Amino acid sequence: METKRETFTYTYSAKQQEEIDKIRKKYLPPEEDKMAQLRRLDQSATKKGTMISIIIGVIGTLLMGVGMCCSMVWMGIWFIPGIVIGLIGIGGVAAAYPVYSRITKKERERLAPQILKLTEELTQAEG
């Protein structure tokens, strides 16, 4: 009588499994952990204010430059309008930071419930 031996052989390659996992992660939707979500929310509180204040500041600076050109280079009939344009530009530059502060404050008030909820969850998870 002849007996057949059936065997099962399995080779495991950690390197191969690691590569498979890496490829799989590329096609899965990205998961954001709570700490990354908290950081993202915190940064988004200042983004809107920063963008708007930079735009206001740049426009104000350009107007101030045009006003200086009108009053110092072209002179003549452009002297008085140049001063007015320059003062409007100075006003724009001066308004940039208060606009940033106000928008950032409003954004922080809007995001406060979400951020406080996340910080509560994170501190409970640690303790």
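Select Cys69: is this residue buried, exposed or partly exposed? Cys69 is partly exposed, with a relative accessible area of 33%. Here buried means under 20% relative accessible area, exposed over 50%, and partly exposed in between (1.4 Å probe, protein chains only).

A quick note before moving on: this is a predicted model, where local features need pLDDT of at least 70, side-chain atom pairs count only at pLDDT 80 or more, and totals for chains, interfaces and linings use all residues. Residues are numbered from 1 along each chain as its sequence is written, and side-chain values use heavy atoms, leaving out hydrogens and water.

A disulfide is a pair of cysteine sulfur atoms within 2.5 Å, and searching the whole structure turns up zero of them.

Next, pick Val84 in helix H3; helices (H or I, at least four residues) are DSSP runs, numbered from the N terminus. Val84 is partly exposed at 44%. Then jump to Gln16 in helix H1, residues 14-27. Gln16 is partly exposed too, at 48%. Draw a line between the two C-alpha atoms: they are separated by 71 Å, with the residues 68 apart along the chain.

Last stop: which helix is Val84 in, again? Helix H3.

Methods: Helix = DSSP H or I, 4+ residues; strand = E, 2+ residues; numbered from the N terminus.
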